[in-house]
Amino acid sequence: MLKSFQMPELRFNLIANEWVIISTERAKKPEDFRQWREKRYLPEHIDSCPFCVGNEAKTPGEILRVQKDGGWKVRVIPNKFAVLSEGGQTQRMNDGLRRAVPGIGRHEVIVESPMHNAFLPFLEVEDIADILRVYRSRFVAAYEAPGVEHVIIFKNHGEASGTTIQHPHSQLVATPVMPIQVRERLDEATRYFDSTGRCLMCATVSDELGDKRRIILDTEHFVTFIPYAAFSPLHMWIFPKRHMASFSDIGDAEIGDLALNLKTTLLKLYHGLDNPDYNYVIRTEGTEKHRSKYFHWYLSIVPRLSQASGFALGSGMYINPSIPEEMAEFMRGVNIT
Ligand SMILES: [Zn+2]
Ligand SMILES: [Zn+2]
């Protein structure tokens, strides 16, 4: 038991294959992470914002839109400052110790609402479900492009998350190589399956549901919890309870439930800690492996509440100045009505 240790505790994160130091002596109370932000009420519309309704001409090349009442409610557009570009050769260059691949791929922006101040958790469940359906359709489409090895869907919220645009949006990046961090997670899950005959994530979900101490929210098809070896305060995982290797396999009823789960979790974060900055990312297998037994997709939410140190840089080991069980108990108690 954690409390019996009169010293910090190292915990091993089986899914990420990494140690983390749970810094019990320096651990802060959940309330200590509150941002004490003045509630900044953003305007509904900003004339100079490229994502606001009426400014569509500033973002040409629209890829997809979800219509509503003669207007739109979700738009997908190419990222004007794309980190990777479409088309071209996928040929590798190996020159001695120098390895390179042309930067082909995709970089899309999913504008979540025509309104500048429509934070995701304040949208209706049905509207969030529409955004998740757009994620699914763009995810599948991105894998069809030649040379694409992996697709990442993520969201940045607030300055510390790395975003420069306040207007609520998510992004999709399709890369021409498999990111090493993703490869390691896939390999770890495969190794676990080889030695036990079970999916590591199914086992984790079942274990967390039985233990209950780190559970934040349990809905029909999804469960939100803080990992036993969480890397940072309120690092949260949302897992589908059904085994699904790829996000492309999510069904419509499951999308509705994920929308409800994500809305509730993000509302608790908003009210519990006064609108902290955060990132979320979908960790998943590709579409062609959607029947794989070895991986199980999930959504990882990382509030930007503490900063990684040189120690983390040098060791790959994070120091978490909070106790996962205490943080989960706090989140369960946050009233969102
Ligand atoms: Zn805007
Ligand atoms: Zn599974």
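An open sheet of 3 strands has the order 1-2-15 and mixed pairing, where strands are DSSP runs of E with at least two residues, helices are runs of H or I with at least four, and both are numbered from the N terminus. The model is predicted, so that local features need pLDDT of at least 70 and side-chain atom pairs count only at pLDDT 80 or more, while totals for chains, interfaces and linings use all residues. Residues are numbered from 1 along each chain as its sequence is written, and chains are lettered from A and ligands numbered from 1 in the order in which they are written.

**Exercise 1.** Explain why one side of strand 1 and of strand 15 is left without a neighbour in the sheet.

*Solution.* Strand 1 (9-13) and strand 15 (318-320) stand at the edges and each has a single partner strand, so one side of each lacks a neighbour in the sheet. Two strands count as paired if DSSP finds at least two bridges between them. Strand 1 and strand 2 (residues 18-22) are joined over 5 bridges in the antiparallel sense, and asparagine 13 stands opposite glutamate 18 in strand 2.

**Exercise 2.** Find the edge strands in the open sheet of 10 strands.

*Solution.* The order is 3-4-7-9-8-13-14-12-11-10, with antiparallel pairing. Strand 3 (64-68) and strand 10 (215-218) are the edge strands, each pairing on one side only.

**Exercise 3.** Compare the reach of helix 1 with its expected span.

*Solution.* The expected span is 1.5 Å times one less than the number of residues.
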